[in-house]
Amino acid sequence: MKSNFFSLKNKVTIVTGGAQGIGKVVSSFLADAGSDIVIFDMNDASNVACEISKDFGVRAKAYQCDVTNPDNVSQCIESAAQEMGTLDFLFNNAGICQHKDAMLCTPHEWKKVIDVNLNGVFFVAQAFSRYLISNKKNGNIVNTASMSGTIVNTPQCQASYNASKSAVVHLTKSLAVELASKGIRVNSISPGYIKTEMTGTVRQSWQDFWVESIPFKRMGTPEELAGAVIYLLSDASSYTSGIDLIIDGCFTIV
């Protein structure tokens, strides 16, 4: 076996939603695997980029980017490519959640979730793939879907989130087939309940119910997603595209 099978050395990875949570933590693992890091986030993630660069000895830059704005996304892709010299990988991770009964969900609330979670994933993947194709480069994309794209969560109501994540899974498969001939692999991960800033604000009774329902009897951590992302971006998965890897502590199989 190649000793550098999982290495990301000399690569540049874009991470959307990298200012906190899963994106921030996974960025540090990607850096530890050797990759330079570009963070796209609505918030200023400069401090996160500085910490990653200092801790792992890689280059790291942050750009304030609205993933729902195709022009802004294209501008950030272009700026990052110029500043970093190249782009290789994309961890397409930005997302939001709305816990609201479907009968009470307003059109604005529905559209906001779909815009970030589905349209945003598509716009970034599209702009990134266009960059790769125009520069005759191979590359890999990992989208963050969710187990919510496979099952319906309870006790919370979140039809908009579930629908958006199910769409991300099928978008991943569709892009994988379309881009295979271009040398671009596209896969997704579907986390279960992960302990992050997002889940930490949810009412405690729901968190207790989730943990009791998970065979592992605990929520996962962002660190436990990093290995899957590294695998799917690295040469270790060179014949893998269009898969959705569920990482949920057995939640969806019982």
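The protein chain contains eight helices and seven strands, where helices (H or I, at least four residues) and strands (E, at least two) are DSSP runs numbered from the N terminus. Its radius of gyration is 17 Å, close to the 18 Å that the globule rule gives for 254 residues, so the chain is as compact as a globular protein of that length; the radius is taken over C-alpha atoms, and the rule is 2.2 Å times the number of residues to the power 0.38. The structure is a predicted model, in which local features need pLDDT of at least 70 and side-chain atom pairs count only at pLDDT 80 or more, while totals for chains, interfaces and linings use all residues. Residues are numbered from 1 along each chain as its sequence is written, and side-chain values use heavy atoms, with hydrogens and water left out.

Along the principal axes, the C-alpha atoms of the protein chain fill a box of roughly 45 × 40 × 35 Å. Of the 254 residues, 50% are buried, buried meaning under 20% relative accessible area, exposed over 50%, and partly exposed in between (1.4 Å probe, protein chains only). Among contacts (heavy atoms within 4.5 Å) between residues at least 6 apart in sequence, 71% join residues at least 24 apart.

The largest nonpolar core comprises 33 residues, and those with the most contacts inside it are Ile14, Val38, Phe40, Ile77, Leu87 and Phe128. A nonpolar core is here a set of buried Ala, Val, Leu, Ile, Met, Phe, Trp, Tyr and Cys residues joined through side-chain atoms within 4.5 Å. At least two residues of this core come from each of β1, β2, α3, α4, α5 and β6 (184-191), and α4 gives the most, with seven residues. Leaving aside residues up to four places away in sequence, phenylalanine 128 touches Ile14, Ile77, Leu87, Asp88, Phe89, Leu90, Asn140 and Ile141. A second, separate core has 28 residues, including Ala60, Phe91, Leu225 and Leu232.

Helix α1 (residues 21-32) has 12 residues and spans 17 Å from its first C-alpha to its last, close to the 16 Å expected at 1.5 Å a residue; the expected span is 1.5 Å times one less than the number of residues. Nine of the 12 residues of α1 are buried, so the helix is largely enclosed by the rest of the structure. The buried residues of α1 are Gly21, Ile22, Gly23, Val25, Val26, Ser27, Ser28, Leu30 and Ala31, and they pack against β1 (12-16), β2, α2, β4, α6 (197-200) and α8. Just after α1, glycine 34 adopts a positive phi of about 110 degrees.

Six salt bridges are present, each defined by a side-chain nitrogen of Lys or Arg within 4 Å of a carboxyl oxygen of Asp or Glu. In one of them, arginine 59 pairs with aspartate 36, the closest N and O atoms being 3.0 Å apart. Arginine 59 lies in the loop between α2 (46-56) and β3 (60-64) and aspartate 36 in strand β2 (residues 36-41), so the pair ties together parts that are 23 residues apart in sequence. Arginine 59 is partly exposed at 38% relative accessibility, whereas aspartate 36 is buried at 12%. A salt bridge also joins the side chains of aspartate 88 and lysine 137 (2.9 Å, N to O). This pair links distant parts of the chain, with aspartate 88 in the loop between α3 (70-84) and β4 (89-92) and lysine 137 in the loop between α4 and β5, 49 residues apart. Aspartate 88 is buried, with a relative accessible area of 5%. Glutamate 109 and lysine 100 form a further salt bridge, with 2.8 Å between the closest N and O atoms; glutamate 109 is buried at 18% relative accessibility and lysine 100 partly exposed at 26%.

Most residues other than glycine have a negative phi, and most peptide bonds are trans. Lysine 136, in the loop between α4 (107-134) and β5, has a positive phi near 55 degrees and is exposed, with a relative accessible area of 77%. Lysine 217 likewise has a positive phi, of about 60 degrees; this residue is found in the loop between α7 (204-213) and α8 (223-233) and is partly exposed at 46% relative accessibility. A cis peptide bond, with omega about 5 degrees, joins threonine 154 and proline 155. Proline 155 is placed in the loop between β5 (139-144) and α5 (159-179).
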